[in-house]
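This briefing walks through a few charged contacts and strand pairings, one topic at a time. Please keep the sequence and the structure open beside the text while reading.

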Amino acid sequence: MEWASQLCENRGLGSKMTDSKYFTTTKKGEIFELKAELNSDKKEKKKEAVKKVIASMTVGKDVSALFPDVVNCMQTDNLELKKLVYLYLMNYAKSQPDMAIMAVNTFVKDCEDPNPLIRALAVRTMGCIRVDKITEYLCEPLRKCLKDEDPYVRKTAAVCVAKLHDINAQLVEDQGFLDTLKDLISDSNPMVVANAVAALSEIAESHPNSNLLDLNPQTINKLLTALNECTEWGQIFILDCLANYTPRDDRESQSICERVTPRLSHANSAVVLSAVKVLMKFMEMLPKDLDYYGTLLKKLAPPLVTLLSAEPELQYVALRNINLIVQKRPEILKHEMKVFFVKYNDPIYVKLEKLDIMIRLASQANIAQVLAELKEYATEVDVDFVRKAVRAIGRCAIKVEQSAERCVSTLLDLIQTKVNYVVQEAIVVIKDIFRKYPNKYESVIATLCENLDSLDEPEARAAMIWIVGEYAERIDNADELLESFLEGFHDESTQVQLQLLTAIVKLFLKKPTETQELVQQVLSLATQDSDNPDLRDRGYIYWRLLSTDPVAAKEVVLAEKPLISEETDLIEPTLLDELICHIGTLASVYHKPPSAFVEGGRGVQHKRLPARAGSGESAESPDVGQAVSAVSDAPPAVIPSQGDLLGDLLNLDLAPPTSNVPPVPSSMQMGAMDLLGGGLDSLMGDESETSASHYRTEVQSPQPPECSERELGGDVGGSPAMGVSLGGAPVGMPAGLGAAPAVGGGLGDLFDLGGGVGVTAGSYIPPKTVWLPAMKAKGLEISGTFARRSGVIHMDLSFTNKAMSVMTDFAIQFNKNSFGLAPAGPLQVLTPLSPNQTVDVSLPLSTTGPVMKMEPLNNLQVAVKNNIDVFYFSCQYPISLLFVEDGKMDRQVFLATWKDIPSENEAQFQIKDCHLNSDAASNKLQGSNIFTVAKRTVDTQDMLYQSVKLTNGIWMLAELRIQTGNPNSTDLELSVKCRAPEVSQYVYQCYELILRN
Amino acid sequence: MIGGLFIYNHKGEVLISRVYRDDIGRNAVDAFRVNVIHARQQVRSPVTNIARTSFFHVKRSNIWLAAVTKQNVNAAMVFEFLYKMCDVMAAYFGKISEENIKNNFVLIYELLDEILDFGYPQNSETGALKTFITQQGIKGQTKEEQSQITSQVTGQIGWRREGIKYRRNELFLDVLESVNLLMSPQGQVLSAHVSGRVVMKSYLSGMPECKFGMNDKIVIDKQGKGGAGDDAGKSGKQSIAIDDCTFHQCVRLSKFDSERSISFIPPDGEYELMRYRTTKDIILPFRVIPLVREVGRTKLEVKVVIKSNFKPSLLAQKIEVRIPTPLNTSGVQVICMKGKAKYKASENAIVWKIKRMAGMKESQISAEIELLPTNDKKKWARPPISMNFEVPFAPSGLKVRYLKVFESKLNYSDHDVIKWVRYIGRSGIYETRC
């Protein structure tokens, strides 16, 4: 290497005084001088002159006047000079077509030259001269060159066919060049094959329906053979071409995949990405239960991670593609979160993309890490990056329920920084959090209101106004706040105007007495003084609603909002599938189909993923029936971007769903019809429609598609569990119930049964028991218990030193366990433990540790270390420790889930001699996060329907039957239904434990 | 495919402009200059779309290289090509600078004509290119020589030319690793990985067939199963698990995939044979034990112990420990057992440098940091202590087991080749929280 660079240095020195000077001449009369020099007899002088011409051409000067003089220099045996003249010709031939003919003879002659390099040079250059007359002369030499004995000439000629096709497609077809080109796919030289493939692929793009690239198993086999032997670029051409092939069955698909996977170890990132494209596409055809399918998934992750150590520009391309891959197949990279953490000196475009992928990969298992990172990012300098980081914190809250509280407090901290754009971004995301978790975090509203004045961006203003309107009853001065916005109504953007209108109407419906004037003001502003048809229309609708039937208005405007989904900014599935077919290309970088940025019809035909063999599913929904996959059968609702937001907030189901709203049309339309026809259909009924239509996206459980909304609605109505008919027959609803929302609200409250957050009072904590006797641990006695306090699991330990010497250096570690329990921090035994001293320690636990199934399920193996030795013991924790605070299931969801879980998963238990009435039991259980969803009384029996959610997201549904009529029968009956039936008996144990204490 | 390729200087003046496709006009050159080079704000993306034309750019010092296209090209390939273009230019005339480009513009045009045809990248291995793009003119080549050139350029082994001869057959293998660590104050490893490269310099005659072997766990386990049991037990411990690796294009990937053997015909001179990543059983050459104590509100006591954790016979070099200090530091007093330590106010850190340190040693620094009283409520975020060093072994545990050379046509055997192997482990991001 060194000798090489030294050699070059010498060369550089040698030419220093020669070449760069060409760039400096700018004097007048230059053209004349050059003309003279070009016609000089001296070879050296001629060459110098041509160099000057090329230099002038490069910097943009017009030197076309010298055309005849330059062409005269063409006849030379100096290859360097010849190449320069060719370069000139390629640039100017088009502007001087007649003169260009002068060059033809030389080209034709050169195509016969004994030197293959010169033959190739001639055919290569001729193809670049886009003059019709010349192309006629090109045909014969090209035909010869395509069959040349030298592979170098053949590979050049193959590309030349594509050039000629670009100039005159008809000519190429007439001359039969396409067939010759096809023959070259069977050439013995791999580079000729690669170039022929590239040329054919390009030509095929402009003939979408031709069968030019007749890909069949034989040609595929040839391509795969050439793949192993050709240059890195050739491999890319071949892989990109392979990606267009659709294998006949899953076996062929697998065998191609097997031969493509070695490319994943190539140093060239483009080869890797093109191989990933082929694999991602062909994988669609493999049955999921195939071993090879799993192997392939595992093989894909490491090379994708390795792409992130490439140069930043390539990292960017890789990240844009990974973004697609993560959406299509989240399982591939779910364990690789850390590699997407932003590095301090990453370029901004890499940082932004990494952040995007971090949000997509965030899950309960890694959320703590992710949040810590995001918090760091929110203090960086780049405004866009900081904004995105703030937004990401909000997304995490929505995506991972367990983290919501921490996210909100982080956002509040950020609002305290008073950095304008941080505050605004935080408010926008907090609005989404409010929508996802209604009635949970409203205590922060006061803090938000403090920052009202600093909001200058429409999105933030709209978000704030929405919050004020939505929670008008809790904000004392809501009317003043909204009024202050109203002053500059006409200067606001449409988004803010619409929001303001809705918010004030909401306020009016909540506090009608004080705000009549305000609502009239806004209605007249919207309807009379505005040019915006949307605003006017909405104004009129409200006006009419309010004037004709305030009760109906209340139902419409203050109806329960459909829940928003956790996944955001998802690419629409059909587009995603198309983009997967374009991995590695510009389309995948822009996340747009080629038709969006390529002119003309070339290469813009839509590509599709192949359908899975043997399954009846269409290509668009290959993931049907797979519960783990994020792309479930109903595409998740997308958090509307600012444009759609208002439509949604209007709460009118009248609006047809936008393209990114899940297509569950039957219910939506039913809801709309009811609204129009019945009008007075009950609040409850309306609610059941909306929430039922959305529950499918919320609960990621496999729902058989036959379970249509109508069926559900009917069953709900007839179901004893709900006690109240839920919109099954809107017309037959008791008028009183429908007309009095207060009653509806009352019912809602009843159902809520004090479902407040963080109820700590009733949580049952078993007494400490000795886990490690002093005998076994060289004098250290450990007793302990478990407790769940305000959402955090604690292990309360007492250490007693029964030995004679002081103990220090305590540390604790858990073995892998069923629910991933792990210490959230180090063991804090701060002072040395003297003999006979006892110290109580509370160790917070997380559930993000490694998971391994234990027997019994709730067994925990612990190792404690001190300065003396390491001791091991095992203990069992009550499973109620893992019941999370947000385990209250929606009624409809409960019902559907109960039905959905097969009855063999149901387990029956008896709790004997329990003297509790249903309310007391319900309260007691609630303390341990067992929530009563509904209650029903039949004869002498109270039935409580209860839901529990474990930290790992498993839901458990229970029915608790309590005898009320007969004081002698004190047995409770419990049936538990869960998708993971092995948990049931532990749940029963908890019921026993809690109800008895 | 690539429609055109432009090279600009930092002012946005065009140094090289080569258009391959008819859909790229002269105005494309100006569009990029105006919208990207002269744009006020920072570059937000390496791919820019201006009026339905896409520009890919990379920067080398203050030179911009831009590839232009109007089609849906393979974006990864375009960037790989631009990097390759830089490598080729560097191999011909050294550093990529405005002066060098102007001095060699004829050569660059010739190269661009050869390695990009109608926007399709062609053979771009410098070894092959240098046989026929020489700027000396092709004179006096015999027919055999010409066909040798063309067969090499198009052949399966495009990266090596025939007929290379050395009096002394020699090869150098460098295993270069960078070890990355994030450790908690309690000494718990939060994340650690090694990214390594095997760089080879080969000076071998003819077309030698090489086989490279290392202590890859998969290979050794496989051998252990087939061969003697005791051997597996012995070497099994020393094998390492490689998370992922990529290879130079000379390596036969299908063979690696099926047998996990690394065989190849090497390019002549220096090149990167492979890159790899490991995350398991990493030898952490240094352990940093921090102790920070806040004495009142205006004083901090910092004690940092570093322990070297490798064979006592080995020497680590260029050791640097960077201990961050709070922003309101007014003065620092440092005492260190070894090396030199200095408080650098501009960097908000104490920088402790030690030239050399043997294995299994430890050294300590203690510092008293005086703080200015502030009313800033925010606590000091305590950035991690970072470290730099160089050690003469591979922290991943990678060992070169063999590199066999076979050349059947020439009469030298594996034993005649002089081989040198060197291991260098450097710190990547090596941080301990405090």
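**Charged contacts and paired strands**

A network of salt bridges links Arg387(A), Arg391(A), Glu425(A), Glu457(A) and Glu459(A). The model is a predicted one, and a search of the whole structure finds 68 salt bridges over all chains.

**Salt bridges in chain A**

- Lys144(A) and Glu112(A) form a salt bridge in which the closest N and O atoms are 2.7 Å apart.
- This pair links distant parts of the chain, 32 residues apart, with Lys144(A) in helix 8 (residues 132-146) of chain A and Glu112(A) in the loop between helix 6 (97-110) and helix 7 (116-128) of chain A.
- Lys144(A) is exposed because its relative accessible area is 52% and exposed means over 50%, whereas Glu112(A), at 48% relative accessibility, counts as partly exposed.
- Another salt bridge joins Asp869(A) to Lys778(A), and here the closest N and O atoms are 2.8 Å apart.
- Asp869(A) lies in the loop between strand 7 (859-865) and strand 8 (870-876) of chain A, while Lys778(A) lies in the loop between strand 1 (769-772) and strand 2 (780-789) of chain A, so the pair ties together parts that are 91 residues apart in sequence.
- Asp869(A) is itself partly exposed, with a relative accessible area of 29%.

**A salt bridge in chain B**

- In chain B, Glu347(B) forms a salt bridge with Arg322(B), and the closest N and O atoms of this pair are 2.5 Å apart.
- The two residues connect distant parts of the chain, 25 residues apart, since Glu347(B) is in the loop between strand 18 (340-344) and strand 19 (349-358) of chain B and Arg322(B) is in strand 16 (residues 315-324) of chain B.
- Glu347(B) counts as partly exposed at 38% relative accessibility, and Arg322(B) also counts as partly exposed, at 26%.

**A negative surface patch**

- Glu480(A), Glu483(A), Glu487(A) and Glu517(A) form a negative surface patch.
- One of these residues, Glu487(A), is found in the loop between helix 26 (478-486) and helix 27 (494-510) of chain A, and Glu487(A) is exposed, with a relative accessible area of 71%.

**Paired strands in chain A**

- Strand 10 (residues 931-938) and strand 11 (residues 941-949) of chain A pair in the antiparallel sense over 7 bridges, and within this pairing Thr937(A) has Asp942(A) in strand 11 as its bridge partner.
- The hairpin of strand 10 and strand 11 of chain A has 2 residues between the strands, and Asp939(A) takes a positive phi near 50° there.

**Paired strands in chain B**

- Strand 14 (residues 286-295) and strand 15 (residues 299-308) of chain B run antiparallel and are joined by 10 bridges, with Val302(B) in strand 15 being the bridge partner of Val292(B).
- These two strands of chain B, strand 14 and strand 15, form a hairpin with 3 residues between them, and Gly296(B) in the turn has a positive phi of about 65°.
- Strand 15 of chain B is also joined by 9 bridges to strand 20 (residues 362-371) of chain B, again in an antiparallel arrangement, and in strand 20 the bridge partner of Val302(B) is Ala367(B).

Technical notes. Residues numbered from 1 in each chain as written. Chains lettered and ligands numbered in written order. Predicted model: local features only at pLDDT ≥ 70, side-chain atom pairs only at ≥ 80, totals over all residues. Heavy atoms only, no water. Patch = residues over 30% accessible without salt bridge, like charges linked within 9 Å, V, L, I, M, F, W, Y side chains within 5 Å. Areas by Shrake-Rupley, 256 points an atom, 1.4 Å probe, with all protein chains shown as cover. Salt bridge = Lys/Arg side-chain N within 4 Å of Asp/Glu carboxyl O. Lys, Arg positive; Asp, Glu negative; His and termini not counted. Charge placed at Lys NZ, Arg CZ, Asp CG, Glu CD. Helix = DSSP H or I, 4+ residues; strand = E, 2+ residues; numbered from the N terminus. Buried < 20%, exposed > 50% of the residue type's maximum accessible area, 1.4 Å probe, protein only. Pairing = 2+ DSSP bridges.
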